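Thanks for making time. I will go through the salt bridges in this one, and then I will stop.

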Amino acid sequence: MRAVIQRVLRASVAVENKTVGQIESGLLVLLGVGTDDAEKDALYLLDKIIGLRIFDDADGKMNLSLSETNKALLIVSQFTLFGDVRRGKRPSYSDAAQPAKAKSLYEYFVSEAAKTAPNVQTGIFQAMMQIELINDGPVTILIDSRKLF
């Protein structure tokens, strides 16, 4: 699994001009599921994301995590994170999981996140979505569960 995590002052996701998920201060997570991913990848990423010390403490240092700040989480599926452009200019998505598997692992990730984070919002799987955000910092972190296995 791959995730792009952005610290945001606020973020929202809309489908057909209707807001389906919205948060104030917290993290926007763009989540991609790969062909070889399993629940262990989801749990690994979630643990990393919830524990990322990227929120300012009283001294203005990035020292606090989502779990310590009770901030919100907006999770949006994004298969294009597995776009491979090493050959040519048209991305290949052959490493992205098929929709049924990707949806199952995305929903698993969201359900596990809801057990930990106080406010979890989402987009709609496989929908054309528009995301608006105000990046805070900016702080953007990339995590790939396969880089460690």
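Arg 2 is partly exposed, at a relative accessible area of 28%. This is a predicted model, so that value, like the rest, is computed from it. The side chain of Arg 2 forms a salt bridge with the side chain of Asp 144, 2.8 Å from N to O. Where do the two sit in the chain? Asp 144 is in strand β8, residues 130-144, and Arg 2 is in strand β1, residues 2-15; 142 residues separate them, so the pair links distant parts of the chain. Asp 144 counts as buried, because its relative accessibility is 14% and the cut-off for buried is under 20%.

Next, Asp 136 and Arg 7. Their side chains also meet in a salt bridge, at 3.3 Å from N to O. Here Asp 136 belongs to strand β8 and Arg 7 to strand β1, so this pair ties together parts 129 residues apart in sequence.

One more pair: Arg 86 and Asp 84. Their side chains form a salt bridge at 2.6 Å, N to O. Arg 86 is exposed, with a relative accessible area of 72%.

As for the total, a search of the whole structure finds eight salt bridges. Those I described include Asp 144 with Arg 2, Asp 136 with Arg 7, and Arg 86 with Asp 84. That is all from me.

Technical notes: Residues numbered from 1 in each chain as written. Predicted model: local features only at pLDDT ≥ 70, side-chain atom pairs only at ≥ 80, totals over all residues. Heavy atoms only, no water. Salt bridge = Lys/Arg side-chain N within 4 Å of Asp/Glu carboxyl O. Helix = DSSP H or I, 4+ residues; strand = E, 2+ residues; numbered from the N terminus. Buried < 20%, exposed > 50% of the residue type's maximum accessible area, 1.4 Å probe, protein only.
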